[in-house]
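Please open the model in your viewer and keep the selection tool at hand. We will walk through it stop by stop.

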Amino acid sequence: MNPIEIISLDFLLLTVVTAAVYYILAPRAQIFWLLAASYFFYATWSWIFVGVLLAFTILNFFLAQQIERSKSGQLLSMGILVNAGSLVFLKFLTGPYGGNILERVGTSTLTGILLPIGFSFYVLQLISYLTDVQRGQIEAEKEFARFALYLAYFPKLLAGPIERAKSFLPQLKQDRVVDRGSIEQGLYLILLGLLRKVVIADHLSRLRPENIFTEPENFTSLERAVWLLVFGFILYNDFAGYTSIVRGISSLLGIQLSPNFKQPFLARSFSDFWTRWHITLSEWLRDYIFYPVRRSLMQSQIKGWAALLLPPMVTMLVSGYWHGASLALLLWGFIHGLYLLVEQILQQSKWLPKDGLKANLYGVLVFLLVTLAWIPFNTPSVRASLRYLEGFFPPYTSTLGQLIFPDILLIIFSLWLDWQEQAHRDLSFPRKWTPVRQSWSVAIAILLLVLFSGAGDDLSRFVYEFF
Amino acid sequence: MQKNLFGKQTLRLEGIWSLPLWRSIFALLALLLAWSLSAEIVARTPLGFYIPPPSVGADSFEFDTKVYYLEQSIRQRGPLDCLIIGDSMTNNGPDPRLIEEAYRAKTGASIHCFNFGLPAMFLDATGPLAEALANRFQPKLLIVILSARNFEESVDFPIRYVGSSRWSQQNLGNPSPPGWAANSLYGYRYALSLKYWLTPSNRESFSDTWRMITPEGFSPANGFGEQRELDPEPPEFQRTYPPTQAGFDQLLDLHRQGVTLLIVDAPIRPDVYSAWQASYFQPYIEYMQDTLTPQGIPFWLTRKISASIPTDGWYDLQHVNENGVPLFSAWLGEQLAEDYPPEFFR
């Protein structure tokens, strides 16, 4: 059986059948039903992935209970070591350096199955779960099915959001209700997510020259600059579109998933950016890396530059490694760590503008610097990043490929969606509109989706599935 | 047991009908109607020539353009007298405007011709396409311009599959909803054009193609092309590729079904003809004459007119340019006047 992609008729069928049966089941039976649907969905990707997920589920289920009973820091360390160690090790093996090693020992074909899809996401959930249990912030889950569903829940299994047990598990314990509000929210989230993915991200992706980040020397300065800017919008709309779709589906099942994006390109500072971009990962990193590092530095009486430098730098380097075990991604993390550090210094020196024109200009600067950091995020190596960067120095060359005005409109459309989200303080903002406006917008959105779907290569996969 | 398994409390549909669902469906229908009406108006007036033509979804915008221009031509000038079909030698060869002029000069009567030549179209696509076009547009005379190379294995370009497109299949008697829509609804066809343009790899052909085709379907090749020198090794005439042979047989079937068919040998630069005559052109001409004569299908040779086209009238080995087109077109018009008098077209 072929893997079921989120944007596919198979997934639609899975969702409809799952929801239809779910609605007539008693709350407890619903858990087992969702678990079965989730494991079926995952099994279409690979039975090996199912085995790995099940093994990690069983191990952590019992480990959490032991930790709860003993409050043992050692057990927690062991749990973190197993979970994080597996992630670090598998990330390394599937990265460029590990890939080389495997190739040398003749097992390069294994790389494709070594890192199960979704692993990077559910391992973080496990680490936070064990830590929260040890800290006494939550109780260890006593019912295996609920715990297994926390990890395997199909809408979020492939690429998050990275849910915390304390917000997700209580929803499984109580009776869930799917009413007019959640249906309305769910449908609008799905529609907006599809617009972001199919109309904006996929269309711009198809236009992007395939090798611009691998062979930047073949492209002009203008092309490099424009496609770097466009890439930010591709990545954002791809991932925000995915999150919106899965949150919408989950809303139709009466389970609320956390938002991952809140208009990141409207951020007014770097720290603000990280409260708006991949929020569930950022919050996870903040709570389980940044704060603990800072706390331990304070406890060990380390002050001065090290105390200022280490927490953001370590956090962003971990973020870089989580995205992939390559020097380029570590460089991406390092750059963001540096941004945060400089901003912190500016803030302490009261040089950071708080409002007015200067604050707006600082927001633009943040956007441009974030954009610049996409270079190592995208290029396969640091060397390629430097080659890409060379285009921004003289002599300038200025022809531009096939991006034309109607394509640029999609970027404006993306910013308009953000503006609407912000203005209405609601990611499913059309429900705040008048019924007449809603009707026409839904009709136009459906027409756009029909027009844009299937125009060119199949891009039904999401970028973050590969992390 | 059943009490534990099932429950009715999850889905609560109170107020669900107050969602603007019906209104959205109404808005969608209204938008579709507005789009369809605008498309019908634009497509049926000369406005249609100023914007990219509607597509029939055959993955070849040249084909789309020619279908639409032919429809426009029939709308503006009435029933079609002669439809010329073939490959690039046809596409760049006879200009229907000049054929009509030559015919009028000789007979005093007007005829209505259209050039449906498509580059890289071999007989495997020509056969089904000729039948689909004959069924759809009912030309009084179907002129097929062929050369020895049309029997060879076709190149894997989108044009190879034009005969199996939904539009062609619809007109070959294999109806389907998309085929019907491509045949009947300009709104649907303009949406297909938009979709075609949205596919990045199509953008260049989308913007270049339709502007180069005249309303009569002719697409001139101006100046000189790259392949001007003769290959020292002459090719051999081959009929070993079954799909092109099947396409040729389909043309002969058309004749049997009552379509008036005229086959014209494509003009070839004289030195090419001489160099390749023995192994390539002569066996081809013999095969054509042996096959067509018994069935009463006329086969016009173009050696004389090819010889009268000056060297600077050739775009390359087998295509005429702006200097060659008037000579070839006038010759074709005059020949038509001789063999197909105005009474034939009435």
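## The nonpolar cores

The largest nonpolar core has 123 residues, and within it A64(A), L130(A), L149(A), A152(A) and L204(A) touch the most other members. Select those five residues to begin. This is a predicted model. In general, nonpolar side chains tend to be buried together in soluble globular proteins.

Now pick out L204(A). Which residues does L204(A) contact, leaving aside its neighbours within four places in sequence? They are V230(A), F233(A), I234(A), D407(A) and L410(A).

There is also a second, separate core, made of 85 residues. To find it, select L83(B), C113(B), I213(B) and A266(B), which are among its members.

## All of chain A

Along the principal axes, the C-alpha trace of chain A spans about 65 × 60 × 55 Å. How does the radius of gyration of chain A agree with that of a compact globule? For 467 residues such a globule would have a value near 23 Å, and chain A has 23 Å, so the two agree.

Of the 467 residues in chain A, 42% are buried. Looking at contacts in chain A with a separation of 6 or more, 75% are between residues 24 or more positions apart.

Next, color chain A by pLDDT. The average is 90, and 92% of the residues score at least 70.

Most residues other than glycine have a negative phi, and most peptide bonds are trans.

- **K71(A).** Go to the loop between helix 3 (47–70) and helix 4 (73–94) of chain A, where K71(A) lies. K71(A) is not a glycine, yet its phi is positive, at about 55°. Is K71(A) buried or exposed? K71(A) has 12 C-beta neighbours inside 10 Å, so it counts as exposed.
- **P161(A).** Move on to the loop between helix 9 (154–157) and helix 10 (165–173) of chain A, which holds P161(A). The peptide bond leading from G160(A) to P161(A) is cis, with omega near 10°.
- **Q263(A).** Finally, select the loop between helix 12 (221–252) and helix 13 (270–273) of chain A to find Q263(A). Q263(A) also has a positive phi, near 45°, in a residue other than glycine. With 18 other C-beta atoms within 10 Å, Q263(A) is partly exposed.

## Across to chain B

Turn to the place where the two chains meet. The contact takes 32 residues from chain A and 25 residues from chain B. Helix 1 (9–24), helix 2 (27–43), helix 11 (180–207) and helix 20 (435–452) of chain A each supply at least two residues of the side of chain A that touches chain B. Which helix gives the largest share of that side? It is helix 20 of chain A, with 11 residues. By type, the side of chain A that touches chain B divides into 20 nonpolar, 6 polar and 6 charged residues.

Now show chain B on its own. Chain B has 15 helices and 5 strands, and its C-alpha atoms fill a box of roughly 90 × 50 × 40 Å along the principal axes. Buried residues make up 45% of the 346 residues in chain B.

## The sheet in chain B

Select the strands of chain B. What is their order in the sheet? The 5 strands form an open sheet in the order 2-1-3-4-5, with parallel pairing. Strand 2 (113–117) and strand 5 (299–300) of chain B stand at the edges with a single partner strand each, so one side of each lacks a neighbour in the sheet.

Zoom in on strand 1 (residues 82–86) of chain B, which pairs with strand 2 of chain B in the parallel sense over 5 bridges. Here L83(B) stands opposite F114(B), and G86(B) stands opposite G117(B).

End the tour on strand 2 of chain B. C113(B), N115(B) and G117(B) point one way, while F114(B) and F116(B) point the other way. Since 5 of the 5 residues of strand 2 of chain B are buried, the strand is largely enclosed by the rest of the structure.

Technical notes:
Residues are numbered from 1 along each chain as its sequence is written. Chains are lettered from A and ligands numbered from 1 in the order in which they are written. This is a predicted model: local features need pLDDT of at least 70, side-chain atom pairs count only at pLDDT 80 or more; totals for chains, interfaces and linings use all residues. Two residues are in contact if their C-beta atoms, placed from the backbone, lie within 7 Å. Helices (H or I, at least four residues) and strands (E, at least two) are DSSP runs, numbered from the N terminus. Ala, Val, Leu, Ile, Met, Phe, Trp, Tyr, Cys and Pro count as nonpolar, Asp, Glu, Lys and Arg as charged, and the others, Gly among them, as polar. Two strands pair if DSSP finds at least two bridges between them. pLDDT is the predictor's confidence in each residue, from 0 to 100. A residue is buried if 20 or more other C-beta atoms lie within 10 Å of its own, exposed if 12 or fewer, and partly exposed in between; C-beta atoms are placed from the backbone. The radius of gyration is taken over C-alpha atoms; the globule rule is 2.2 Å times the number of residues to the power 0.38. A nonpolar core is a set of buried Ala, Val, Leu, Ile, Met, Phe, Trp, Tyr and Cys residues joined through C-beta atoms within 7 Å.
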